[in-house]
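Here is a brief report on one protein model.

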Amino acid sequence: MSNALDLLRRLSDSFGPPGGEAPVARIVEEYLSPFCRMNRDGLGSLVAEKTGQDQSPRLMLAAHLDEVGFMVQGVTAQGYLRLQALGGWEPSLLPGRRLQIQTATGSLEGIVAAVPFHFRPETKKDIKIEDLLVDIGAASISEVQALGVCLGDLAVPRSGFATLNNDYLVNKAWDDRVGVAAMILALQRLQEQPHPNTVLAVGTVQEEVGCRGATTAVEAAKPDIAIVLEGPPADDLPGLSQDPPQGALGKGVQIRLFDPTVIVPQKLWRWTVELAQQRHIPYQLAVRRGGATDARAIHLAHGGVPTLVLGAPVRYAHSPVGIIHRQDFAAMVELTAAIIETLDAERLAALSA
């Protein structure tokens with residue numbers, strides 16, 4: 001697990017908001033290029049292809065490289081930055097947080113301005129992203145420019161990898177660096193054993209702003225079947241629901257059956273459940289009332305692509321810091337590898353009948 005932890009740390013520490021995923025893509029390429037044929041599509045999504053015993057079926061693994069982040073939208077006369085959200089944020093979580101801002105000349109730090117409670121009016125309105133200001137230690141527009149900051153520069157929260165009670169892993173960007181790590185490790189296993197298919201491991205870009213990378217990457221990959229590897233939001237927080245959670249930390253890989261953008265084929269997810277049971281892989285089923293993944297774009301391509309969604313739940317997803325459980329991650333890797341080892345043309349025909 002030490003190698004897996006190193007990979008998880010590197011990926012989650014990396015800078016990679018929508019439109020700025022190149023540092024994450026380079027890590028994926030470093031791990032997969034020794035044994036895969038590498039390509040990129042026009043938006044920057046990375047496609048790693050590994051042929052097994054047969055050319056078909058073509059099995060696509062998809063994990064998005066980007067994390068929720070920001071773009072510099074404006075500069076005030078006093079030298080503060082204004083932000084454009086890239087992905088879904090809860091603005092109230094941001095005041096007082098540190099940001100890493102990437103400019104053309106390097107990286108610098110900023111602080112999301114937090115008004116001390118001494119100065120707050122008793123009647124507070126809801127915070128909006130457009131109301132937030134970022135302090136970079138500048139006092140004018142000219143000082144901002146001297147620091148190399150301009151409109152369009154990208155930013156992400158500054159966090160840091162840590163463990164809680166050994167099994168809980170802390171950092172930013174688990175959505176979806178946990179899926180990227182699972183994709184890499186599942187593919188590495190194929191070096192040691194045969195697989196009856198051709199695998200296409202795709203690191204997609206711009207998922208957090210509308211699954212744009214998946215829309216183009218699926219055209220390049222031309223899969224017969226797809227597995228989306230995700231870091232879905234955990235629902236095991238106290239007081240969140242009276243019903244049992246469907247995305248609890250430490251309970252195994254989440255198999256998503258439904259969200260408002262995709263209905264996973266029943267034959268496909270039932271076979272996946274049977275496979276998990278046979279391999280003694282812990283799992284949990286989820287029917288999600290909200291949210292979406294790259295499956296939204298992938299399953300509608302080429303007249304329809306059967307698409308499965310697996311995940312390692314993330315507590316506090318889409319916030320400056322999240323938590324995953326190493327056993328959920330391990331279960332996602334195990335189940336992904338089991339599917340690759342088992343899925344041949346005959347099996348796919350049976351699942352599609």
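## Sheet, helices and ring pairs

Strand S11 (residues 168-171) and S18 run antiparallel and are joined by four bridges. The model is predicted. Leucine 169 has isoleucine 324 in S18 as its bridge partner.

These strands belong to an open sheet of three strands, in the order S10-S11-S18, with antiparallel pairing. On average, neighbouring strands here are turned by 30° against each other, direction ignored.

H4 lies across S11 and S18 and runs at about 30° to S18. Helix H8 (residues 326-342) packs on the sheet and touches S11 and S18, with its direction at about 60° to that of S18.

Now the rings. The whole structure holds two aromatic pairs.

| Pair | Centre to centre | Angle between planes | Type |
|---|---|---|---|
| Phenylalanine 70 and tryptophan 89 | 4.7 Å | 15° | stacked |
| Phenylalanine 161 and tryptophan 174 | 6.3 Å | 75° | edge-to-face |

Phenylalanine 70 lies in strand S4 (residues 69-75), and tryptophan 89 in the loop between strand S5 (81-86) and strand S6 (98-102), so their pair ties together parts 19 residues apart in sequence. Phenylalanine 70 is buried, at 1% relative accessibility. Tryptophan 89 is buried at 11%.

Phenylalanine 161 sits in the loop between strand S9 (154-157) and strand S10 (162-164), while tryptophan 174 is in helix H4 (residues 174-188), so this pair links parts 13 residues apart in sequence. Both phenylalanine 161 and tryptophan 174 are buried.

Definitions and conventions. Residues numbered from 1 in each chain as written. Predicted model: local features only at pLDDT ≥ 70, side-chain atom pairs only at ≥ 80, totals over all residues. Heavy atoms only, no water. Phe/Tyr/Trp six-rings, centres within 6.5 Å; stacked < 30°, edge-to-face > 60°. Helix = DSSP H or I, 4+ residues; strand = E, 2+ residues; numbered from the N terminus. Buried < 20%, exposed > 50% of the residue type's maximum accessible area, 1.4 Å probe, protein only. Pairing = 2+ DSSP bridges. Axes fitted to C-alpha atoms, helices over the stretch in contact; angles between N-to-C directions. Contact = heavy atoms within 4.5 Å.
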